[in-house]
Amino acid sequence: MKKLLLLTFTLMMVAFLAACGSSASEKTTAAEKPSEEKMTVTHELGETEISKNPKKVVVFDFGVLDSLDKLGLSDSVAGVPQESLPAYLEAYGDEAKYENVGTLKEADFEAINAMKPDLIIISGRQAEMYEEFADIAPTIHMAVDTNNYMESFTGNMTLLGEIFGKEDQVKEELATIDKEIEGVKEAVSASDEKALILLANEGKVSAYGKASRFGIIHDVFGVPAADEGIEASTHGQSITFEYVLDTNPDMIFVIDRNAAVGNDASAKDSLENELVQKTNAYKNDKIIYLDPDFWYLSGGGLESVSQMVKDIESAYK
């Protein structure tokens, strides 16, 4: 009986000490685990509380994806729309690493919901679906305001820096871009050439002026417009080739949508016709085809804006 009592007491002590050790371990782990830091983001579609340094992010804006990549945050990206990815971001088309969350205009909400993301970042093309995104996870809208391009772009990049703890790196990148812009403005100011911005799409052309999607060329870089009266709209002002001849620009900047979306149609074949060949731009070899990856697909990113500056500067060399 004494041996049985001794054995029972010993087992009780072992269990008690184990429980104490487990409790102490749990307390230590809880003490060591940092509390999740929150921040409230005010954006065009509302206010959203998010956790800083999110580990699983769904990104629907290629300019934001460009920036996260530039900041070394590819590990935080969990899902992207993999259709029409810019060539320089093709690594995000690897479905073994990144979830395909649909297209820029048609999100795969079932796939996104299954991912349980920490944050979803959208822009203009997805604005109408905001509530559906917000029902799944904290969602912020980060489009660039073309009426105030650099202010909006700078604000977006500063916000990314705050969210991911990359404030200093973002400041450095923005300072570099500001310096590049000063360089292109200097080159532009030394010329009196007037330019026309065209989007080519399957044989049709649209013109873009100030405060438009591609208005950064006039508004920020200072390139004089060949036509000051172009209406500012998302899809540009539909024009004819007779209009191009009548406007007779000294330079034509072309964004080839066909190339951006993988269409085999050549913008150059349709654009450089008999009418356009009579313009000063054609005669002086000043029809410049801008990189559609940066201009059409991923504008508003740290890498894309820097490349956009370089594209315009090269036209003046």
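This is a predicted model: local features need pLDDT of at least 70, side-chain atom pairs count only at pLDDT 80 or more; totals for chains, interfaces and linings use all residues.
1. Overall make-up. The chain has 317 residues, of which 45% are buried. Its secondary structure consists of 13 helices and 12 strands. The accessible surface is about 16,500 Å², and carbon and sulfur atoms account for 48% of that area.

2. Contacts along the sequence. Take the contacts between residues at least 6 apart in sequence: 60% of these join residues at least 24 apart.

3. The largest core. In soluble globular proteins, nonpolar side chains tend to be buried together. Here the largest nonpolar core contains 63 residues, and Phe-221, Phe-253, Trp-295 and Ile-312 have the most contacts inside it. The element that gives the most to this core is helix H5 (residues 149-164), with 8 residues. There is also a second, separate core of 17 residues, including Ile-230, Ile-252, Ala-267 and Val-276.

4. Helices H2 and H5. Helix H2 (residues 62-70) packs against H5 at an angle of about 50 degrees, and the two axes are 11 Å apart. Because of this angle, H2 counts as oblique to H5. The crossing of H2 past H5 is right-handed. On the H2 side, the contact is made by Val-64, Ser-67 and Leu-68; on the H5 side, by Met-157, Leu-160 and Phe-164.

Key
Residues are numbered from 1 along each chain as its sequence is written. Side-chain values use heavy atoms; hydrogens and water are left out. A nonpolar core is a set of buried Ala, Val, Leu, Ile, Met, Phe, Trp, Tyr and Cys residues joined through side-chain atoms within 4.5 Å. Buried means under 20% relative accessible area, exposed over 50%, partly exposed in between (1.4 Å probe, protein chains only). Helices (H or I, at least four residues) and strands (E, at least two) are DSSP runs, numbered from the N terminus. Contact means heavy atoms within 4.5 Å. Accessible areas come from the Shrake-Rupley method with a 1.4 Å probe; for residues, only the protein chains shown count as cover. Axes are lines fitted to C-alpha atoms, for helices over the stretch in contact, and angles run from 0 to 180 degrees between N-to-C directions. Angles under 35 degrees count as roughly parallel, over 145 as roughly antiparallel, 65 to 115 as roughly perpendicular and the rest as oblique. A crossing is left-handed if the near helix is turned anticlockwise from the far one by less than a right angle, and right-handed if clockwise.
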